[in-house]
Amino acid sequence: MSSGSAVLPSAGRPPARRARVNWVPYALLLPGLLWLFVFFVVPMITLASQSLQEGDVDNGYTFTGNVAVYGQALQNYWPQLLRSIGYSATATVLALLLGYPLAYFIASRRGAWKNILLVLVIAPFFTSFLIRTLAWQTILADDYLPARFARAIHFTDLLQVLNLSENSSLLSSKFAVICGLTYNFLPFMILPLFTSLDRLDGRLLEAARDLYATPRETFRHITWPLSLPGVVAGTLLTFIPAAGDYINSKLLGNTQTVMIGQVIDAQFLRVLNYPLAAALSFVLLVLILSLVTAYVRRAGTEELV
Amino acid sequence: MAWVRRHLLTAAAMVTLFILLLPNVVVALFAFNKPNGRYNYQWVRFSTDAWANPCGTPGICDSLGLSLRIGVTASLVATLLGTMVAFALGRFRFRGRATTNLLIFMPMATPEVVMGSSLLTLFVAMGLSTGALAILIAHIMFCVSFVVVAVKARVASLDPRLEEAAADLGATPLATFIKVTLPLVAPGIAAGALLAFSLSFDDYIITNFNASPSSITFPMYVWGAAQRGTPVQINVVGTVMFVLSVGIVLTAQLISRSRTKKA
């Protein structure tokens with residue numbers, strides 16, 4: 001057995017190469033990867049195991065392999081699950097539309113301006129996410145300018161027709177939740193876009209101009225394809241956290257905008273139905289991972305980190 | 001036509017920048033408000049009361065202190081672990097590279113609510129209690145990946161000839177690392193540490209799953225306040241954090257600019 005396992009890895013390779021194993025990278029990796037294994041990978045296993053247990057918090061849980069909890073979770077909470085995916089997908093598209101021009105603008109600046117604008121993009125991070133989301137409650141409040149203006153130009157009527165708001169105010173609506181998600185994850189969209197646009201070789205754009213390409217053609221055939229890695233990274237960094245977020249839906253939404261994160265939080269921490277909450281959490285993870293894998297395959301990008 | 005197009009781009013960029021910064025302006029403005037009720041959502045009149053008494057509401061400064069302690073510790077540990085991983089990835093060819101990349105990428109591709117709840121199930125399964133230590137463990141976990149990404153970019157862009165030159169001039173590997181490699185990678189490490197601190201300081205969702213009633217972080221305090229009434233002091237803290245951090249980042253940039261000019 002021992003001789004077999006010693007022969008197998010080197011089969012078809014010169015044995016001399018195995019002698020030169022460098023241990024330095026493994027020593028460098030060990031503490032960090034061990035931390036991630038114990039506190040990220042193992043919890044995924046305990047999460048899956050928790051979902052298949054029965055019992056209650058006071059008397060403890062026993063593993064029964066109760067798969068029915070997944071059926072129950074999907075049956076009761078599919079609207080919240082679908083809503084979370086829909087809201088975060090919409091917010092991702094909006095963030096791309098808003099973020100691309102700014103990323104392009106910053107990448108085309110020179111010297112100090114570029115750095116100052118980049119600092120302004122990450123500056124919102126320095127004030128707590130929650131405080132800034134609360135600020136939107138003020139900004140969108142009924143008697144302030146944005147809401148009044150929206151009513152004056154019948155934007156609020158349009159929102160009601162589109163079923164994005166239930167009354168003539170901007171706050172406590174689907175519209176507010178999607179705006180909040182878009183705003184909160186916008187820097188995650190802009191930074192990767194900036195990185196790939198900044199690397200863009202200006203000579204390619206000049207060449208396109210020399211060959212009489214219109215600006216639209218230059219964008220379609222050069223700028224956009226070369227910025228795709230940034231688009232993929234930015235959309236993932238926006239979509240994934242937005243799908244699990246429930247701060248925006250709680251602070252800016254109403255009872256009709258409850259997202260899946262809010263359900264998981266309530267089931268874990270207030271209802272104390274651990275198996276159901278764990279099942280929902282696991283479903284969310286699998287759903288997002290499969291969407292992300294399909295998307296990355298389609299976009300054909302491998303190097304994300 | 002080109003003029004219109006160029007200015008259309010500028011206008012679109014400015015709209016996005018306006019949306020990004022508007023909440024910060026509102027937060028700062030309402031730090032000078034004197035609200036009538038418990039909620040600080042309506043402008044009433046100018047006042048500096050909250051600035052004179054920043055710890056004026058019970059619990060706010062305790063929560064701030066806890067968040068700062070957790071943030072500093074988490075960013076130090078995550079920066080150390082992450083930098084080591086980044087050097088391994090940026091410098092060495094080894095088996096298991098793809099697995100390492102995947103393990104680093106996964107925490108960034110997992111919604112916070114899943115990470116927070118799964119960690120809670122780990123602590124429940126092990127019979128461990130939640131609280132400040134659990135929060136610290138969680139924060140280090142999700143910060144490591146971001147540090148790796150920040151430092152790896154810097155390590156990969158290093159000019160290997162600089163280290164070879166040091167070695168040719170008789171520097172030991174350790175001296176080369178301390179005098180040549182580390183100073184060159186330092187901006188990446190600093191960026192990673194700053195990012196880790198702000199992620200930790202700002203986290204609500206993961207923290208909430210692993211907290212206990214005696215470990216209320218600042219974001220948890222703000223969340224509670226949003227249900228009970230928002231004291232103006234929250235805006236004061238938000239504004240001070242904003243001004244301090246932007247100041248630190250701009251000063252760091254000025255220093256590095258003047259250094260590159262000298263060189």
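## Model and confidence

Residues are numbered from 1 along each chain as its sequence is written, while chains are lettered from A and ligands numbered from 1 in the order in which they are written. Because this is a predicted model, local features need pLDDT of at least 70 and side-chain atom pairs count only at pLDDT 80 or more, whereas totals for chains, interfaces and linings use all residues.

The model has an ipTM of 0.89 and a pTM of 0.87.

## Domains of chain A

Chain A is assigned domain 1 (2-51) and domain 2 (71-299); such bounds come from an automatic or database domain assignment. The C-alpha centres of these two domains of chain A are 37 Å apart.

## Contact between chains A and B

Chain A and chain B each give 70 residues to their contact, where two residues are in contact if their C-beta atoms, placed from the backbone, lie within 7 Å. Helix α3 (residues 24-51) of chain A supplies the largest share of the chain A side, 18 residues. Helices here are DSSP runs (H or I, at least four residues), numbered from the N terminus.

## Helix α3 of chain A

α3(A) consists of 28 residues and spans 40 Å from its first C-alpha to its last, close to the 40 Å expected at 1.5 Å a residue. That expected span is 1.5 Å times one less than the number of residues.

At A:Leu30, α3(A) bends by about 45°, and a proline, A:Pro31, follows within four residues. The bend is the angle between axes fitted to the seven residues ending at a residue and the seven starting there.

Notes
Helices (H or I, at least four residues) and strands (E, at least two) are DSSP runs, numbered from the N terminus.
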